[in-house]
Amino acid sequence: MRRIYLDHNATTPLHPEALKAMLPFLQDSYGNASSIHFLGREARAALDDARERLAKLLGAKAGEIVFTSGGTEADNHAIFGVARALADKGKHIVTSSIEHHAVVHSCEHLKEHEGCALTLLPVGRDGIVDPESVRAAIRDDTVLVSVMWANNEIGTLQPIREIGAICRERGVLFHTDAVQAFGKVPVSVSDVPVDLLSISAHKIYGPKGTGALWMRPRVKVEPIVFGGSHESERRAGTENVAGIVGFVRAAEMILPRMQSEDRRLRDLTERLWRGLQQRVEGIVRNGDPQRRVANTLNVSVPGCASDSLLISLDLEGIGVSSGSACAVGSLKPSHVLQAMGLSNDLANSALRFSLGAATTETDVDAVIEVMPAIVSRLRSFQGAGKAFARK
Ligand code: PLP
């Protein structure tokens with residue numbers, strides 16, 4: 001059976017150039033970057049070079065980047081690191097109600113165990129945070145605002161520039177989780193008023209288990225991983241040289257093609273939406289259709305449970321997701337769709353299509369082709385067909 005992968009927001013395949021760049025560091029150049037001898041020096045040189053190259057892509061300086069084990073660690077580092085470093089200044093954090101769990105759970109932990117107060121910003125039905133709600137939420141004891149650049153479930157792009165400007169004006173640090181934005185829209189820390197920014201390799205055709213946190217100079221951030229002086233004493237642990245080299249090579253391959261990919265993927269997601277809209281009665285599109293990363297289409301199919309849709313598509317060789325990958329296996333509806341005010345039926349019948357570099361019109365057409373039969377079968381099984389038809 002032909003397999004169609006439409007879950008690129010969960011992870012992407014490794015770019016062949018990234019693999020090529022990694023192989024020497026998994027084979028002959030396997031040194032520890034902290035070792036003094038020749039193998040250590042080789043690893044150190046590769047690490048320094050990768051940091052310089054990533055900094056250039058981000059409009060940053062090499063010394064401002066800390067490599068991490070991925071986006072989750074970068075988010076944890078930003079949230080815990082700032083909250084703990086500035087605990088004597090204040091203990092209030094502002095974040096949105098549609099953040100990835102890496103941010104949400106870090107903030108909740110600080111609230112439950114370290115005496116922090118938390119304000120969760122609402123979003124409208126479009127899935128977008130109103131910058132004015134950030135202004136209203138900031139208090140004298142606010143130490144950090146964290147709002148993601150692009151949402152992983154619905155793809156909406158947040159008004160990062162405006163939110164950053166408000167934080168600047170109020171003298172509050174601003175962190176953005178750019179894991180889903182980097183590689184899809186231009187992300188440069190020299191253009192946008194942010195103080196901390198998280199990215200991850202495996203969302204941009206790099207390897208899993210590598211990411212980075214960028215921090216503006218002089219921003220006070222406590223380490224969260226202890227045990228060595230790696231990463232200029234900001235993050236202990238032997239650096240994943242192969243992963244980091246692959247991460248940066250992938251970024252160098254992806255970023256120059258971003259604009260043309262944006263156009264191509266926007267056309268493809270629109271084609272998918274139009275096709276589904278024409279052939280699946282009652283289907284609803286979630287999130288702002290324009291202010292979004294081009295590859296993401298989130299829909300709800302009333303009368304069909306997300307898990308059943310997902311399994312039925314899987315049986316046809318089509319891989320999609322019902323939302324955040326971390327929510328798979330749990331029956332809880334997505335906190336993002338709930339925050340947007342979707343009814344339980346809509347939140348429980350959501351599907352996320354996230355397209356990627358290898359996705360073609362033929363793939364999209366195959367989804368449009370199989371969906372109507374899947375939907376009518378599920379609606380009849382679940383006895384929802386009649387109820388739905390009566391509405
Ligand atoms: N932040 C966002 C917006 C994400 O989509 C993800 C992954 O799904 C993460 C953070 C976590 O990144 P990682 O898988 O590298 O830990």
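In strand 12, Ser354 is the bridge partner of Thr296. Helices (H or I, at least four residues) and strands (E, at least two) are DSSP runs, numbered from the N terminus. This is a predicted model, where local features need pLDDT of at least 70 and side-chain atom pairs count only at pLDDT 80 or more, while totals for chains, interfaces and linings use all residues. Residues are numbered from 1 along each chain as its sequence is written, and side-chain values use heavy atoms, with hydrogens and water left out.

Back to that bridge and its surroundings. Strand 10 (residues 296-300) and strand 12 pair in the antiparallel sense, over five bridges; two strands pair if DSSP finds at least two bridges between them. They belong to an open sheet of three strands in the order 9-10-12, with antiparallel pairing. Strand 9 (284-286) and strand 12 (350-354) sit at the edges with a single partner strand each, so one side of each has no neighbour in the sheet. On average, neighbouring strands here are turned by 30 degrees against each other, direction ignored. (Axes are lines fitted to C-alpha atoms, for helices over the stretch in contact, and angles run from 0 to 180 degrees between N-to-C directions.)

Next comes an open sheet of seven strands, in the order 2-8-7-6-5-3-4, and its pairing is mixed. Its edge strands are strand 2 (65-68) and strand 4 (117-121), each pairing on one side only. Neighbouring strands are turned by 20 degrees against each other on average, direction ignored. Strand 3 (residues 92-96) and strand 4 run parallel and are joined by five bridges, and the bridge partner of Ser96 in strand 4 is Leu121. Helix 3 (residues 71-85) packs on the sheet and touches strand 2, strand 3, strand 5 (142-146), strand 6, strand 7 and strand 8; contact means heavy atoms within 4.5 Å. The direction of helix 3 makes about 160 degrees with that of strand 7. Helix 2 lies across strand 2, strand 7 and strand 8 (211-215), running at about 115 degrees to strand 2.

Between strand 6 (173-177) and strand 7 (196-200) there is a loop, and Val179 has its place there. Val179 counts as buried, at 9% relative accessibility (buried means under 20% relative accessible area, exposed over 50%, partly exposed in between, with a 1.4 Å probe and protein chains only). Leaving aside neighbours within four places in sequence, Val179 is in contact with Gly71, Ser198, Ile199, Ser200 and Lys203. His100 is 79 residues away from Val179 along the chain, and their C-alpha atoms are separated by 9.7 Å.

Now for helices packing on helices. Helix 2 (residues 38-58) and helix 8 (residues 241-254) pack at about 30 degrees, with their axes 9 Å apart. That makes helix 2 roughly parallel to helix 8 (angles under 35 degrees count as roughly parallel, over 145 as roughly antiparallel, 65 to 115 as roughly perpendicular and the rest as oblique). Their contact has twelve nonpolar, no polar and three charged residues; Ala, Val, Leu, Ile, Met, Phe, Trp, Tyr, Cys and Pro count as nonpolar, Asp, Glu, Lys and Arg as charged, and the others, Gly among them, as polar.

Helix 9 (residues 258-279) and helix 13 (residues 361-381) pack at an angle of about 15 degrees, again with axes 9 Å apart, and are therefore roughly parallel to each other. Among the residues making this contact are Leu268 and Gly275 of helix 9 and Val364 and Pro372 of helix 13. By class, the contact has eight nonpolar, one polar and five charged residues.
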